[in-house]
Amino acid sequence: MLDKIGVIGGGFIGGVLVQELARRRLARVVAVTDPAPFVNPNDPSEKQAVVRKQSVAQGKALDIAEGAPLIGSDVVLQASRDYDILDGCDMVINTAGVPRKARADGTFPSREELLAINLKVTGEVADAIRKHCPRAMIISIANPLDAIVYTLYKRLGVPKSRLLGMAGVLDSARYRYFVAQEAGVSVENVEAMVLGGHGDTMVPVRSCCRIAGMPVESFIAPDRLDAIEDRTRKAGGEVVGLLGFGSAFVSPALSALEMAEAIIYDKKKILAVCCLLQGEYGVRDLFVGVPAIIGKNGIERIIEVDLTAQEKNGLALSADAVQKTCREVDKLLRT
Ligand code: APR
């Protein structure tokens, strides 16, 4: 159990996080901050005054706290529109940003298109972490994932072991679920890893996929695996398309909690995590998803796994895509 975990952004993912952090008793105090609902300066002043008194973070925290007696949790919940609530956090989970939403014409913006707006939000988040909890372990979920993590690194300059992007755990869970469904076995039997960036170029690593220790190809034909891997790459968009609002929120929260628990319990668990590469896999100075040992010190060791030529090529292409976005970030950060 940590002393204090902060959740930045109390939207859909933030709400599940706070609820689960309290239910699992992962910290004595869980603090959530979110500036919403935002005041519209064009509204009449009386309406603005009403909105200013509201708080998504406080509303959600109170709702969860009122359920606490029913789950026997004495975790203290704190909530505010302001970042001060993050004072002294040992760990923060960042969900602040704008999710993928349908445009008026029914099409969806790519994760990269959300970059400009989310970069500004990330700048505020970085300032808040520096001011209120500069030593916190940081798990970031906000999209575009790889670029936001890179931005946090540029703005904060924290040790690379303390900054983890959540993408690979989620993408791997999706791959595992689809494989389990196809093979007709328990999800618990399926081990799988998805590496690379958190976008269409991600690399489901078939050569590492095992069902109860046996190669996945013993259970599923290659063309079906191709289809599963394609579905994995597009899985986020599939949920977005079905929901009609926002994006997936339960599985991303559970994925971040898997990482948080590996750190809190010093599990030394191997997870696919978006982390700073400095030569590993032939990539330098970029945050890309690779397997790493996660323990109390955060990212304790990056594992360089043997990949097939096709997988290596896929990872290189994915790193190129991440690099393209990061160059855009560099440009935006200079302006
Ligand atoms: N600081 C803190 N929170 C902020 C800020 C800010 N500067 N700006 C916006 N937020 C809040 C919003 O008010 C909103 O409540 O971040 C929250 C994001 O929540 P949702 O819109 O419900 O999005 P969610 O589904 O939780 O996804 C969060 O994770 O998977 C990614 O693409 C997704 O980037 C998005 C993030």
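## Two helices, packed

In this predicted model, helix α6 (residues 168-183) packs against helix α7 (residues 222-233) at about 145 degrees, their axes 9 Å apart. Axes here are lines fitted to C-alpha atoms over the stretch in contact, with angles from 0 to 180 degrees between N-to-C directions. Helices are DSSP runs of H or I with at least four residues, and strands are E runs of at least two, numbered from the N terminus.

Who touches whom? On the α6 side it's Asp171, Tyr175, Phe178, Val179 and Glu182, and α7 brings Arg224, Ile228, Glu229, Arg231 and Thr232 (contact means heavy atoms within 4.5 Å).

β5 pairs in the parallel sense with strand β4 (residues 91-94) over four bridges, and Ile139 of β5 sits opposite Ile93. β5 also pairs in the parallel sense with strand β6 (residues 163-165), this time over three bridges, where Ser140 faces Gly165. Pairing takes at least two DSSP bridges between the strands.

Residues are numbered from 1 along each chain as its sequence is written, and side-chain values use heavy atoms, leaving out hydrogens and water. Local features need pLDDT of at least 70 and side-chain atom pairs count only at pLDDT 80 or more, while totals for chains, interfaces and linings use all residues.
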